[in-house]
Amino acid sequence: MHRFISFGVLIFLTACARIEDIGQAPDFTPAQATPEANAMMTFGLSEELIAAPVRRDSPSLWTGERGSLLGDQRAVRRGDILTVVIEIDDSASISNSTDRSRNGSESLSVPDFFGVPQRIDESLPEGATLSSAVNLDSSGSFSGDGSVSRNEQLELRIAATVVGVMPNGVLSIQGSQEVRVNFELRELLVSGFVRPEDISRQNEITYDKMASARISYGGRGQISDVQQPRIGQQVADIILPF
């Protein structure tokens, strides 16, 4: 009884939380609370990766400093920003077919064995005989067919922040992007590890050069809410055995 009461209270609280969202657009995640913002507040923890500034006697544009016109602007330390280019165009097709067949036949008869079968037949019911003692016949067949077809295409660009520098110089990056259109919020998350030498001169890196890449593109709002089954339906799908 207590379990049913607890379950009812849980459903009631969930419903109340959903009622508060009626007529309200989903809220953005505060930018100040993200790991990227924290990294920018504590940047410059790997100064050994930064080239020493070139000493100049007079102002000049032709220097290799990061802040100069021709300086290297690529991200190399905690708090720096770079662009992640996501261009996924994958397709796969798999088809399997299996066909198996088996036939077997066994027969055993004892027509003559020193006259023993004839004497036994005299004591058997009418129509029964030992002349065909055993006769077995079996057959089996199996057929299977399966196919998988997948096609994915995604083209996105997102600014990510270096949130850490590993002991071997590899950069840990993380980025997030939220776009709200009417009552639907689209969210793009990306994280992974990149090598500084893989970052282009345009301060960009493609997703296929990221180790442990984690890319999430989803959303929340009225449309996403309608596409999800209700809590009761999800519970019923788990509990019901049929």
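Let me begin at Ser 212, which is partly exposed, with a relative accessible area of 44%. On the cut-offs, buried means under 20% relative accessible area, exposed means over 50%, and partly exposed is in between, with a 1.4 Å probe and protein chains only. Ser 212 sits in strand S6. Its phi is near 55°, which is a positive value in a residue other than glycine. As background, most residues other than glycine have a negative phi, and most peptide bonds are trans.

Before going on, some housekeeping. This is a predicted model, where local features need pLDDT of at least 70 and side-chain atom pairs count only at pLDDT 80 or more, while totals for chains, interfaces and linings use all residues. Residues are numbered from 1 along each chain as its sequence is written, and side-chain values use heavy atoms, with hydrogens and water left out.

Asn 203 is not a glycine and has a positive phi of about 60°. Asn 203 belongs to the loop between strand S4 (184-194) and strand S5 (204-206). Is Asn 203 buried or exposed? Asn 203 is buried, at a relative accessible area of 13%.

Now the overall layout. The protein chain has five helices and six strands. Helices (H or I, at least four residues) and strands (E, at least two) are DSSP runs, numbered from the N terminus. Along the sequence the pattern reads α-α-β-α-β-β-β-β-β-α-α. The chain has 242 residues, and 20% of them count as buried. Its accessible surface is about 18,300 Å², and carbon and sulfur atoms hold 54% of that. Accessible areas come from the Shrake-Rupley method with a 1.4 Å probe, and for residues only the protein chains shown count as cover.

On contacts, meaning heavy atoms within 4.5 Å: take those in the chain with a separation of 6 or more, and 67% of them are between residues 24 or more positions apart. Gly 221 gives an example of distance in sequence. Gly 221 lies in strand S6 (residues 211-221). From Gly 221 to Pro 26 is 195 residues in sequence, but 5.9 Å in space, C-alpha to C-alpha. Leaving out residues up to four places away in sequence, Gly 221 touches Pro 26, Phe 183 and Glu 184.

Ser 172 is in strand S3 (residues 171-181). Ser 172 is buried, with a relative accessible area of 15%. Which residues does Ser 172 contact, leaving aside neighbours within four places in sequence? They are Thr 161, Val 162, Val 163, Gly 164, Gly 192 and Phe 193.

Next, the salt bridges. Side chains of opposite charge can pair when their charged atoms come close. The rule here is a side-chain nitrogen of Lys or Arg within 4 Å of a carboxyl oxygen of Asp or Glu. By that rule the count is five.

One of them joins Arg 77 and Asp 80, with the closest N and O atoms 3.8 Å apart. Arg 77 counts as buried at 18% relative accessibility, and Asp 80 counts as buried at 13%.

Glu 184, already named as a contact of Gly 221, has a salt bridge to Arg 186 at 3.9 Å, N to O. Glu 184 counts as buried at 7% relative accessibility, whereas Arg 186 is partly exposed at 32%.

Glu 197 and Arg 195 also meet in a salt bridge, at 3.8 Å, N to O. Glu 197 is exposed, with a relative accessible area of 53%, and Arg 195 is partly exposed at 43%.

Last, the surface patches. A patch is made of residues with over 30% relative accessible area and no salt bridge, joining like charges within 9 Å, or nonpolar side chains (Val, Leu, Ile, Met, Phe, Trp, Tyr) within 5 Å.

The negative patch gathers Glu 87, Asp 89, Asp 90 and Glu 155. Asp and Glu count as negative and Lys and Arg as positive, with His and the chain ends not counted. The place of a charge is taken as NZ of Lys, CZ of Arg, CG of Asp or CD of Glu. Strand S1 (residues 81-108) gives the most to this patch, with three residues. Asp 90 lies in strand S1 and is partly exposed, at 33%.

The nonpolar patch consists of Val 116, Ile 120 and Leu 124, with about 190 Å² of accessible area together. Leu 124 is in the loop between helix H3 (116-123) and strand S2 (134-165), and counts as partly exposed at 31% relative accessibility.
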